[in-house]
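Hi,

Here is the model I promised to pass on.

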Amino acid sequence: MARQTGRSDLPAAPNPASPQDIRNVVLVGPGGAGKTALFEALVAARVPGQRPSGNGHVRTSNLTAASFDSNGVTLNLLDTPGYPDFVGELRAGLRAADAAIFVVSGADDVDRPVSLLWRECAAVGMPRAVVVTHLDQPRANFGSTVETCRRTFGDARATHWPVLEDGQLTSVVGLITGSDDDLATDEQQDARHALIESVIEESEDATLLDRYLEGEQMETSAILEDLRTAIVRGTFFPILPVSPMTGAGVEDLLSLIEQAFPDPSVHPLPAVTTPAGAAIEGVTCDPDAPLVAEVVRTTTDNYVGRLSLVRVFSGTLRVDDTVHVSGHLGDFVGHEVAGHPSHDDDERVGPLASPFLDTHRPRGTAIAGDLVLVSKLARAETSDTLSSGDRPAVVAPWLLPEPQLPVAIRAVTKSDEDKLAGALQRLVAEDVTMRMEHSETDQVVLWTMGQAHVDELIGQLADRYGVTVEAEPYRTALRETFIRKVSAQGRHVKQSGGHGQYAVCSIMVEPLPRGSGFEFVDKVVGGAVPRQFIPSVEKGARAQLEKGLLTGHPVVDVRVTLVDGKAHSVDSSDVAFQTAAALALKEAANESTVALLEPIDKVDITIADEYLGAVMADLRGRRGQVVGTEPAEEQGWTIVHAEVPASELARYPIDLRSVSHGTGSFVREPVRHDLIPPDKARELLKA
């Protein structure tokens with residue numbers, strides 16, 4: 001939508017009197033289905049002076065929110081990105097909403113990622129509707145799309161039927177409210193009867209279906225009431241044809257949202273605990289109850305600074321109130337999350353605003369069930385909980401997949417380097433799907449969701465923070481080890497006037513099993529090396545092994561045995577024996593005694609059975625070893641357990657998405673280091 005920051009002609013911010021006056025609705029679906037165009041059309045239909053941009057083909061990467069009045073209901077409408085790299089924005093939209101509209105193209109199949117998202121919404125009982133777009137395209141067929149949705153989603157039925165003229169969707173007809181003249185074809189009549197039967201099956205009146213099948217005339221108002229009840233309960237899912245370009249179906253969809261979608265008091269709340277983890281019972285969507293709210297998204301505005309999009313679950317949030325801020329994301333994911341440390345603080349609430357694209361309309365309060373922008377919450381990060389000081393609370397955060405695509409970056413200029421750390425800290429605080437680390441290979445590494453995510457982050461660094469960076473090849477952290485027993489001597493003798501330096505170490509180095517680390521053994525006899533210098537030899541050996549011997553990578557899984565040496569009564573010292581030990585190790589190391597180790601990751605891949613063969617073949621091409629498979633919880637899916645060299649996984653998120661047509665996912669964890677094949681080792685040693 002065209003950004004119209006600072007517009008003065010917008011209506012005042014909505015001010016709902018109760019949660020029953022609020023509808024929180026999120027648009028989801030694949031990229032290219034027309035979500036943003038639909039978002040624009042819905043907003044333009046209710047906000048005077050607002051016009052659609054007319055460009056529905058721009059790929060969005062951010063969550064967009066608009067709060068406006070819709071026939072007496074406050075509609076908080078959210079548009080989410082369809083590209084899988086921006087799953088963080090999608091998850092934020094799902095957490096903020098109470099109902100979802102799945103936008104699918106009438107000219108394309110419903111893909112697997114959409115069906116997975118549908119099941120995810122079903123798991124939390126979120127009411128859903130389906131909007132079919134692109135019915136003006138040559139391959140589009142509404143009836144076929146409805147059948148596809150039924151196979152994919154379950155009890156989904158068309159509630160409206162498209163009317164096309166010269167290939168354009170000009171209007172829609174309600175299957176329940178339309179006349180026989182409007183619904184003249186057999187296909188339309190069949191759809192009408194199927195809809196009524198499905199709605200009646202959802203009715204609490206067990207005799208109603210039999211009476212209908214026997215020919216009893218059903219009251220339209222009663223059918224509509226049962227339809228709304230089934231939609232609110234999340235047991236029936238309406239399918240509507242809509243054209244954002246002509247506006248056909250827009251009013252019907254808005255009417256459905258206003259009358260049939262649930263208000264926040266109906267939707268189940270997420271689990272709430274104390275910061276210590278004890279359950280808090282009785283949290284309800286009540287403006288008079290203690291405050292419980294969650295930061296679902298964090299951004300930075302050039303004019304007002306830090307902005308937090310907050311969903312209020314209970315109580316009322318007021319300007320200048322002091323609230324408790326709890327962040328315990330690491331407790332839920334099982335490890336500390338970079339940029340989101342556990343914390344408990346008190347903070348004063350800054351100015352509140354109602355979101356409307358890039359325009360922010362001030363308001364004084366936000367009641368339970370509402371969405372609001374809060375300025376200058378310095379201590380609150382995405383997924384943090386805001387609560388009353390006398391009852392600190394933690395809302396169980398939505399879980400996100402771990403970022404698995406690493407990209408190494410470097411600043412282009414010294415000025416960029418000076419600003420890079422601060423800019424990355426702000427990006428990490430805003431984006432919970434990104435991790436940053438300073439790797440062992442002395443690289444700044446961003447862990448991301450995919451290439452589009454990488455491009456977006458690099459673009460934000462340049463556009464928002466004036467930092468230009470370049471991507472460089474990501475280097476995995478290798479290790480060196482000895483592969484056979486070898487003896488060597490290190491001799492450090494210097495005389496330059498005054499006290500000199502004198503130390504001689506004779507050592508034996510031998511390999512240990514993988515994962516053993518480092519062992520030091522003293523076998524000196526007869527005092528050849530004075531006792532006070534034995535620790536110096538060990539210290540020097542450890543320091544040199546950390547630095548590496550042939551390639552600069554740390555040496556692991558070795559035993560160093562001190563077998564002999566020499567000392568001088570005046571010139572021997574701690575530093576001299578450290579140096580001699582290091583020289584002995586360097587003398588022992590060459591291409592015949594030292595080999596390279598690479599990190600091996602344990603990988604668990606969840607994949608649809610139809611792509612299992614392709615994934616197995618791909619793993620073999622990555623030098624992976626499949627150690628087992630097992631059925632996933634969901635029928636038709638398999639979990640593959642494998643061990644793969646970490647260097648072969650650098651682009652695996654992108655490649656797995658391609659091999660599995662967007663359905664596969666994986667997690668990984670380091671398990672050990674193992675020998676690199678000789679041909680690859682020779683390449684690295686030459687480099």
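Predicted model: local features only at pLDDT ≥ 70, side-chain atom pairs only at ≥ 80, totals over all residues.

Residues are numbered from 1 along each chain as its sequence is written, and side-chain values use heavy atoms, leaving out hydrogens and water.

Let's start with the open sheet: its four strands come in the order β27-β28-β30-β29, with mixed pairing (strands are DSSP runs of E with at least two residues, helices runs of H or I with at least four, numbered from the N terminus; two strands pair if DSSP finds at least two bridges between them). At the edges are β27 (486-494) and β29 (518-522), each pairing on one side only. On average, neighbouring strands of this sheet are turned by 25° against each other, direction ignored.

β29 and β30 (residues 558-566) run parallel and are joined by five bridges. F518 has V558 in β30 as its bridge partner.

Two helices lie across these strands. Helix α12 (residues 534-547) lies across β28 (501-511), β29 and β30, at about 155° to β29. Helix α13 (residues 574-588) lies across β27, β28 and β30, at about 40° to β28. (Angles run from 0 to 180 degrees between N-to-C directions, with axes as lines fitted to C-alpha atoms, for helices over the stretch in contact; contact means heavy atoms within 4.5 Å.)

Elsewhere, V333 belongs to helix α9 (residues 329-333). V333 is partly exposed, at 31% relative accessible area (partly exposed lies between buried, under 20%, and exposed, over 50%, with a 1.4 Å probe and protein chains only).

Best wishes
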